Amino acid sequence: MELPIPLRQGVERLLEKVPLPTLKQAAKTLSDRYRAELRDGRLHMAEEMAVKAYLATRLPATYAAVHASLDAVSEARPDYAPKTLLDVGAGPGTVLWAALDLWPDLEQAVLIEASAAVRRVGEALATEAMTARTAWLAGDVTIDLADLKPAELVTCAYVLDEIGPASLPKLIDRLWHLTDNTLLLVEPGTPAGWQRILSVRRQLVEAGAHVLAPCPHQAPCPLVPPDWCHFSRRVARSRLHRLAKDADVPWEDEKFIYVAASRHAVAPPQARVIAPPKSGSGKVLLKLCEKDGSAGEKLFTKRDGDAFRLARRLDWGDAV
């Protein structure tokens, strides 16, 4: 998964004159804050250089994760084509770009972002081949959502890890009330990110939401720690990305977890692949979360005929 060409070109223009040592230091500081999940009252991207470090080292990965999550929504609801988007904690517009790639007829987007530095960059990038009418609003996602209008698609990606646990239930309640159709939340694919998504999922199910993805059921998650549910997308690193992170490998794997919930029930898949498939000669071992609320490994061999041929084509995260 690569960034859309207009977005990639816009990012390259913003970064072309940034001194590499400055970018490397900003990238390290930003990475340290994300890894520590700091909640010290400061925004991770309060300064312009932090935003540029994000563009260089994090945007391709978060775009890939968000796009994959939206792909799952589209797969669960092939007839779904939202016209309005509300993105809470929008960053530089990552969700908007991914949503427009999937639903080019999106007409209107409202993006809430607390950091003025991020909003400036997001607005500058959004002038590049952006078709939807966009409004960028300043706001703290925990207190400034009262006067917003509902949207067909409401999203909140890579935001919950910056919010204190006590504030989450109220935020999720508000997001659900703003959702006319579908709500998507995406988090880092860590055990802590999974636990946040589990908490959100429980609250949404109790509120009457229908889980679209990734779960093929409404039952409690069958996984038990230290196991946890997450998915992954491999992302090519640009030359600048490698230099900024002193990285030798030309790619990275972005691990993420998400939940998509709808006001409309849909027929769930039979199962979802929740780990990398293990293949051998004439056999495939899949770890599946199943429609009945269970999870476990299932072996498919040539004797299984069509089921085996299907299993060989499946990848981590696919619905069955």
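This section describes the nonpolar cores, the aromatic and charge-ring arrangements, and the cysteines of a predicted model.

The largest nonpolar core comprises 92 residues, and those with the most contacts inside it are Leu86, Leu175, Leu185 and Leu204. Helix α4, spanning residues 59-76, gives the most to this core, contributing eight residues. Apart from it lies another core, of nine residues, among them Ala271, Val273, Leu288 and Phe308. When neighbours within four places in sequence are left aside, Leu204 is in contact with Ile172, Trp176, Leu183, Leu185, Ala209 and Ala261. Of these contact partners of Leu204, Trp176 also has Arg263 lying over its face, at 4.1 Å from the ring centre.

The structure holds four aromatic pairs. One of them, formed by Tyr80 and Trp103, is edge-to-face, with 5.7 Å centre to centre and 75° between the planes. This pair links distant parts of the chain, 23 residues apart, since Tyr80 lies in the loop between α4 and β1 whereas Trp103 lies in the loop between α5 and β2; both residues are buried. Elsewhere, the charged end of Arg234 sits over the ring of Trp251, 3.5 Å from its centre.

A search of the whole structure finds zero disulfides. The sulfur of Cys289 is 6.0 Å from the closest cysteine sulfur, in Cys215, and is therefore too far for a bond. For Cys156, which is buried with a relative accessible area of 0%, the closest cysteine sulfur, also in Cys215, is 17 Å away, again too far for a bond.

Technical notes. Residues are numbered from 1 along each chain as its sequence is written. This is a predicted model: local features need pLDDT of at least 70, side-chain atom pairs count only at pLDDT 80 or more; totals for chains, interfaces and linings use all residues. Side-chain values use heavy atoms; hydrogens and water are left out. A disulfide is a pair of cysteine sulfur atoms within 2.5 Å. Buried means under 20% relative accessible area, exposed over 50%, partly exposed in between (1.4 Å probe, protein chains only). A nonpolar core is a set of buried Ala, Val, Leu, Ile, Met, Phe, Trp, Tyr and Cys residues joined through side-chain atoms within 4.5 Å. Helices (H or I, at least four residues) and strands (E, at least two) are DSSP runs, numbered from the N terminus. Contact means heavy atoms within 4.5 Å. Rings of Phe, Tyr and Trp (its six-membered ring) pair if their centres lie within 6.5 Å; planes under 30 degrees apart count as stacked, over 60 as edge-to-face and the rest as tilted. A charge sits over a ring if NZ of Lys or CZ of Arg is within 6 Å of the ring centre and within 35 degrees of the ring normal.
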